[in-house]
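Notebook open, structure on screen. I'll jot down what I look up as I go.

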Amino acid sequence: MDGMIRGIYNSLLQKHGGKGSVPKGIEEEILNLLKGMEKMDGQELEECRDSLYFIAYKAEEEGFVKGFQYASWLFAECMRNGFTDN
């Protein structure tokens, strides 16, 4: 099931221009971390920046997959119970 959900996520990304987006708060944290690493040379800093953004994009994808799974389970549970509060 994860593969199908990731396929949906990737389709959405392609439809909206490629790469996922990093929420503003996460991007601010990445930039703050990079400010503390100013002693690195240019290539090291760039590699570190790329790694941080890669992690942020993967976390965004994982959040989408988990959210989709939870929504599916909730919908299935509601269908079994007839959308009642019981």
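Which residues form the largest nonpolar core? Before answering, the ground rules. I'm working from a predicted model, where local features need pLDDT of at least 70, side-chain atom pairs count only at pLDDT 80 or more, and totals for chains, interfaces and linings use all residues. Residues are numbered from 1 along each chain as its sequence is written, and side-chain values use heavy atoms, with hydrogens and water left out.

**Entry: the core**

I looked up the largest nonpolar core and got 7 residues: V22, I30, L34, C48, L52, Y53 and A56. A core here is a set of buried Ala, Val, Leu, Ile, Met, Phe, Trp, Tyr and Cys residues joined through side-chain atoms within 4.5 Å. Buried is under 20% relative accessible area, exposed is over 50%, and partly exposed is in between (1.4 Å probe, protein chains only). At least two of the core residues come from each of α2 (24–35) and α3 (42–80). α3 gives the largest share, 4 residues. Helices are DSSP runs of H or I with at least four residues, strands are runs of E with at least two, and both are numbered from the N terminus.

L52 touches I30, L33 and L34, once residues up to four places away in sequence are not counted; contact means heavy atoms within 4.5 Å. A56 sits in helix α3 and is buried because its relative accessible area is 14%. Leaving aside neighbours within four places in sequence, A56 is in contact with V22, I26 and I30. I also checked A56 against G36: they are 20 residues apart along the chain, and their C-alpha atoms are separated by 18 Å.

**Entry: the helices**

How many residues does α3 have? I get 39, reaching 57 Å from the first C-alpha to the last, close to the 57 Å expected at 1.5 Å a residue. The expected span is 1.5 Å times one less than the number of residues. α1 has 14 residues and reaches 20 Å between its end C-alphas, close to the expected 20 Å. After α1 comes G17, with a positive phi near 105°.

For α3 I listed the buried residues: C48, L52, Y53, A56, E61, V65 and Q69. They pack against α1 and α2. Two names on that list made me look again, E61 and Q69. Q69 counts as buried because its relative accessibility is 8%. Q69 touches M1, D2 and I5, not counting residues up to four places away in sequence.

**Entry: E61 and the charges around it**

Is E61 buried or exposed? E61 is at 10% relative accessibility, so I log it as buried. Apart from neighbours within four places in sequence, E61 is in contact with R6 and Y9.

Then I searched the whole structure for salt bridges and found 5. The cut-off is a side-chain nitrogen of Lys or Arg within 4 Å of a carboxyl oxygen of Asp or Glu.

E61 pairs with K58, the closest N and O atoms being 3.2 Å apart. The two are separated by about one helical turn, because they are 3 residues apart in helix α3. K58 is at 34% relative accessibility, so K58 counts as partly exposed. Salt bridges that share partners join R6, K58, E61 and E62 into one network.

E62 has a salt bridge to R6, with the closest N and O atoms 2.8 Å apart. E62 lies in helix α3 and R6 in helix α1, so this pair ties together parts that are 56 residues apart in sequence. E62 is partly exposed, at 32% relative accessible area.

I also noted R49 with D50, closest N and O atoms 3.0 Å apart. R49 counts as partly exposed at 35% relative accessibility, and D50 does too at 39%.

**Entry: the surface**

Which residues form a nonpolar patch on the surface? I found I8, L12 and F68, with about 210 Å² of accessible area together. Patches are made of residues with over 30% relative accessible area and no salt bridge, joining like charges within 9 Å and nonpolar side chains (Val, Leu, Ile, Met, Phe, Trp, Tyr) within 5 Å. Accessible areas come from the Shrake-Rupley method with a 1.4 Å probe, and for residues only the protein chains shown count as cover. I8 lies in helix α1 (residues 2–15) and counts as partly exposed at 34% relative accessibility.
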